[in-house]
Amino acid sequence: MKGKWLLMAVAAILCASMAYAVVAVEASKDKAEKTEKVQKADKPDKAEIRKRREAEFAEIDANKDGKVSKDEFVNYYIRRQKERYEQLFKSKDKDGDGALTVDEFAVFVPIKTDRPPRPERVKPAPTKAD
Ligand SMILES: [Ca+2]
Ligand SMILES: [Ca+2]
């Protein structure tokens, strides 16, 4: 009689753990599917990428001749860099007076004090190949 109860208890434990395993696997599948859906939603398709590239190209092509000259290319990226640095400057100019104090600048360009200064680089002696 005792053996029957023990057998039933073992069977119940096995059933419970199998059910738990099935639920865990299903939850894991759901999570993977949701992650995949989110990634697909965030990732633009090829047509969208092409559209963005053409829009950026049109922005760079200042004289609208359908080609990007070296000057147009350089001017575009300099302008973008300038805009980024202007935004950075603005974010560091805490009192908004159009200039950085030493304290505002110190936050902007922290100096690492935890490391010793870098030793001067010693150039290797020229070899016969040089
Ligand atoms: Ca052009
Ligand atoms: Ca300031």
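The model is predicted: local features need pLDDT of at least 70, side-chain atom pairs count only at pLDDT 80 or more, and totals for chains, interfaces and linings use all residues. Residues are numbered from 1 along each chain as its sequence is written, while chains are lettered from A and ligands numbered from 1 in the order in which they are written.

**Overall make-up**

- The protein chain has 4 helices and 0 strands, where helices (H or I, at least four residues) and strands (E, at least two) are DSSP runs numbered from the N terminus.
- Along the sequence the pattern reads α-α-α-α.
- Buried residues make up 0% of the 130 residues of the protein chain; a residue is buried if 20 or more other C-beta atoms lie within 10 Å of its own, exposed if 12 or fewer, and partly exposed in between, with C-beta atoms placed from the backbone.

- The expected span of a helix is 1.5 Å times one less than its number of residues.
- For the 15 residues of H2 that span should be 21 Å, which agrees with end C-alpha atoms 21 Å apart.
- H2 is hardly covered, with a count of 0 buried among its 15 residues.
- The 23 residues of H3 should span 33 Å, and its end C-alpha atoms are 33 Å apart, which agrees.
- H3 is hardly covered too, and the count of buried residues among its 23 residues is 0.

**The loop residue Lys 64**

- Lys 64 sits in the loop between helix H2 (46-60) and helix H3 (70-92).
- Its phi is near 55°, a positive value in a residue other than glycine.
- Most residues other than glycine have a negative phi.
- Lys 64 is exposed, because it has 7 other C-beta atoms within 10 Å.
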